[in-house]
Amino acid sequence: MNATADTYVTEDGRTIGGPVMEMKNITLRFGGVTAISDISFDIREGEIRAIIGPNGAGKSSMLNVINGFYHPQEGEIWFRGEKRKPMKPYQIAQQGIARTFQNIALFKGMSTLDNIMTGRFTHMKTNMFWQAIWKGPAEREEIENREIVEHVIDFLEIQSIRKTPVGRLPYGLQKRVELGRALAAQPKLLLLDEPMAGMNVEEKEDMSRFILDVNDEFGTTIALIEHDMGVVMDISDRVVVLDYGKKIGDGTPDEVRNNQDVIDAYLGVAHD
Amino acid sequence: MFYREAGDFKTSYAADSQTFPIRLDRYGYYTTLAIAFLFVPLVISDYWANALLLPFLIWAIASLGLNILSGYCGQISLGTGGFMAVGAYSSYKLMTAFPDLNLFIVILLSGVITAAVGVLFGLPSLRIKGFYLAVATLAAQFFLVWLFNKVPWFYNYSASGQISVPTRSVFGYEVTGAEANSEAKYLFILVIVVLLAYIARNLTRGRIGRSWMAIRDMDIAAEIIGVNPLLTKLTAFAISSFYIGIAGALFFSVYLGAVEVGEAFGIQKSFLVQFMIIIGGLGSIFGSFIGAAFMVMMPVLLKNIMVGQLGWATDIAAHFELVIIGGLIILFLILEPHGLAQLWRLTKEKLRLWPFPH
């Protein structure tokens, strides 16, 4: 693989495009603590990019930087060929970046359907006046978006819990609804923060399949943080490894697996 | 047996998201509307209008307003009384400054003015949450009441410091003033209530309502989805204050006729509306109505029982009334924290399976 070329072809034959997001020399400090120091990497069109590393390595901070929750002291963020100005998280969402959270962050008082409909927020435009009248533009827009949401519901196989308040759902399904909410936004870049944390093997398999299917069917670019190495090595195209806020490895799963620094810091060796 | 979804198939998304998905509910709603518009005006008496119907309808508007802010958007407010005062004084100033202005327009403009004031006092909500916001809105309550007492311009320099409503007619019928009869007052308010409830339902079911609820349930996730927190909270404050302002304007102009601000719009009114939405059900349009009904009818009912039936002295009855209502509120909070609306929802769920629960 040639990392400098604009495109590359994965093992399973998908062509990956140019960079969607480029992080250039990002440094993030909290007071005296440097959470991320001088990290650069890119996320390319259509790929599944994993960010791994031990606890406290700066993975979630990295997602929060991409999201706009944190503003790095140094470095540049380039999104779709343009340098990004400092923005609020909701403005970044409007640019087409969606994410899920490590600890589920669903809207507990709302049904599954309403949660996923909320994911369409950036695509809905009717103003207060028409919303109050309802009949006409507001209802039309609601129905158009409902159709897209129903596609997502079908895709994630959660038709039967459409009207259930999400607070009543089991953990695995809640994770799936959260993925649905992010997908409903039809994002250009989808960030998943530990999508498989706390799941059993079966649920992990389901979730892996959904992630691969999302990437395959919609061509969505995905960046994910995950601790399950089996899953990471199986589903991701390229992996970036962080440790103590520094980048210690970057490449295909095979390259990373054989990188001595990564083995020392994170993967370890099998004792036999 | 008739309360069934079975056989009531939905074939479009519009039908699936309608307000009353079950046929019997729909009929119940139309029947209620028909009775309220056609039958009640025929039998209404001054006692019923003044003791029950008018206050019920006016407080229903106020609790709709507060429910939008607290129940849907999750922002606590104790400024309801103050915002009602803004509505009342706006309507007074508008009526006296522009005598020819239609009363509907006056009420509408009073709502708009209150919305602007509400937005102003909603600004701190971006930085402070929960109890601290409640304290900030409490400041609004006291400041506004003080302002209307202190600045004579607001009460047109009247000697008593009170404001009293001039006579105004709608479609040739007097609605405000001493001569107005109950039917006209009732119908005037009823039209406004139905319109406002319809708008509240529409606002809460769509894009804007979902953004409010998203902020209420998980503000960080809402922001990640593209919801601008400040704008969303401020629209909730604006719409909520709009409703509360209209309630205040009606309370003054149609119901009371003359008002002294500290007495009519004091802090106890803020708590009254707060109780209404808690008892009725946070985040429920229907709950706003039953909460208002409960808080308006309960004292009247208790008074009738204690004074009328048992023959107690009025002062003892008045004190017991407070004790009983306080007790009932605590009881409700313990037994059903989500209010009467949730109780009704559970009953309906049971009813749907009855008599074969398995």
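Leaving aside neighbours within four places in sequence, Leu250(B) is in contact (C-beta atoms, placed from the backbone, within 7 Å) with Ile58(B), Ile107(B), Ile189(B), Ile192(B) and Tyr255(B). The model is predicted, with local features needing pLDDT of at least 70 and side-chain atom pairs pLDDT 80 or more, while totals for chains, interfaces and linings use all residues. Residues are numbered from 1 along each chain as its sequence is written, and chains are lettered from A and ligands numbered from 1 in the order in which they are written.

Ile58(B), Tyr243(B) and Leu250(B) touch the most other members of the largest nonpolar core, which has 167 residues. Such a core is a set of buried Ala, Val, Leu, Ile, Met, Phe, Trp, Tyr and Cys residues joined through C-beta atoms within 7 Å; a residue is buried if 20 or more other C-beta atoms lie within 10 Å of its own. Helix H10 (residues 229–256) of chain B supplies the largest share of this core, 16 residues. Helices are DSSP runs (H or I, at least four residues), numbered from the N terminus.

At the interface, 24 residues of chain B are in contact with 30 residues of chain A. On the chain B side, two or more residues each come from helices H1 (13–16), H7 (182–205), H8 (207–217) and H9 (219–225) of chain B. H8(B) gives the most to this side, with 8 residues.

In H8(B), 11 of the 11 residues are buried, so the helix is largely enclosed by the rest of the structure. Its buried residues pack against helices H3 (112–118) and H4 (128–133) of chain A, and against H3 (46–72), H7, H9 and H10 of chain B.

Note on methods
Contact = placed C-beta atoms within 7 Å. Buried ≥ 20, exposed ≤ 12 C-beta atoms within 10 Å, placed from the backbone.
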